[in-house]
Amino acid sequence: IISNKYSRGKITGDIDLTGVTISYTFNTSTLLQAIRKCREISPSGWYFYVDASNVLHFKKKHTTADHTFTVGREITKIMPTKRLENVKNVVLFVGGGDPPLYRKYIRQSSIDTYGQRVELKQDSRVTQVVTANIMSNAFLDDNEAVEIRTIIRVIDKNVGETATGYNIESIKPGDMVQIRGFGTDYPATLWDVALWDVGFWDYSISYATRLPMQVVALRYHPDFVEIEVSSRPIPVQNRMEDIYRNLADYINKDNPTAPTT
């Protein structure tokens, strides 16, 4: 349930329902700020993007691959990396109210593997525990494991007379991609050393890249597309933007319904 006291702009949407009902009031917010907040208070795995026709797409990522590429066939170049610096396994959430809402959330298995890595989240408009629970648990779901980020170059099937390319125009931000033929051809599974894991941070990088990953960026060229895929959802903001938004929310929270002219 969204109440927007004052915002400007117009956009059409292709929006799916998250199945979660949360009340949140925006005051003196831009459309982009409101959309980013809706993503933040959604469950794990949701993402958004605005296409070239000014249509907002707000979707849950698929669990299976939308596109499958093979190294040496559709893929002519691949550059995988593993990133540890953004792992977070403890959230300290500070909300509003009197006294202020103050909650702690942890992921012990991640702490055991990487040590304690704390994220402080502040939002004075959040006064209900259920909202803090959804926001914090979704954040931990997305950030408790090492990120696998890979850049692949996929050749266009319309180049020359080759039959090994792909319809690169069919690939959209948020789609799930699976890579074949890179390193040892292990089966795509979460089983590891006879133990059931909930993530794949302890896999070799050639193994991990075979699990479905999400498209976070597309860069088109005349005869190929460079695709950036990640094991984490599409990021919606960086830390400096987050700090500025929280400050602006606090300053504007008691504004009138509309400005005077």
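**A look around the predicted fold**

The chain folds into five helices and 16 strands, with helices (H or I, at least four residues) and strands (E, at least two) taken as DSSP runs and numbered from the N terminus. This is a predicted model, in which local features need pLDDT of at least 70 and side-chain atom pairs count only at pLDDT 80 or more, while totals for chains, interfaces and linings use all residues. Residues are numbered from 1 along each chain as its sequence is written, and side-chain values use heavy atoms, with hydrogens and water left out.

Some overall numbers come next. Of the 261 residues of the chain, 43% count as buried; buried here means under 20% relative accessible area, exposed means over 50%, and partly exposed is in between (1.4 Å probe, protein chains only).

Now for the inside. The largest nonpolar core has 21 residues, and the ones that touch the most other members are Val 91, Phe 93, Tyr 105, Val 126 and Ala 132. Such a core is a set of buried Ala, Val, Leu, Ile, Met, Phe, Trp, Tyr and Cys residues joined through side-chain atoms within 4.5 Å. At least two residues of this core come from each of strand S3 (24-26), helix H1 (31-40), strand S4 (46-50), strand S5 (55-60), strand S8 (90-94) and helix H3 (129-143). H3 gives the largest share, five residues. Leaving aside neighbours within four places in sequence, Ala 132 is in contact with Phe 93, Leu 101, Tyr 105 and Val 126. There is also a second, separate core of 16 residues, with Ile 152, Tyr 166, Val 177 and Val 215 among them.

S4 and S5 turn up again in an open sheet of three strands, in the order S2-S5-S4 with mixed pairing; two strands pair if DSSP finds at least two bridges between them. Strand S2 (12-15) and S4 are the edge strands, each pairing on one side only. From one strand to the next, the twist averages 15°. S4 and S5 run antiparallel and are joined by five bridges, and Trp 46 stands opposite Lys 60 in S5.

Helix H1 lies across S4 and S5, running at about 160° to S4. Axes are lines fitted to C-alpha atoms, for helices over the stretch in contact, and angles run from 0 to 180 degrees between N-to-C directions. Seven of the 10 residues of H1 are buried, so the helix is largely enclosed by the rest of the structure. Those buried residues are Ala 34, Ile 35, Arg 36, Lys 37, Cys 38, Arg 39 and Glu 40.

His 57 sits in strand S5 and counts as buried, at 12% relative accessibility. Not counting residues up to four places away in sequence, His 57 touches Asp 14, Tyr 47, Phe 48, Tyr 49 and Asp 51. The side chains of His 57 and Asp 14 make a polar contact (3.3 Å). That term covers a pair of N or O atoms within 3.5 Å; within protein, one must be able to donate a hydrogen and the other to accept it, and residues adjacent in sequence count only if both atoms are side-chain atoms.

Terms used
Contact means heavy atoms within 4.5 Å.
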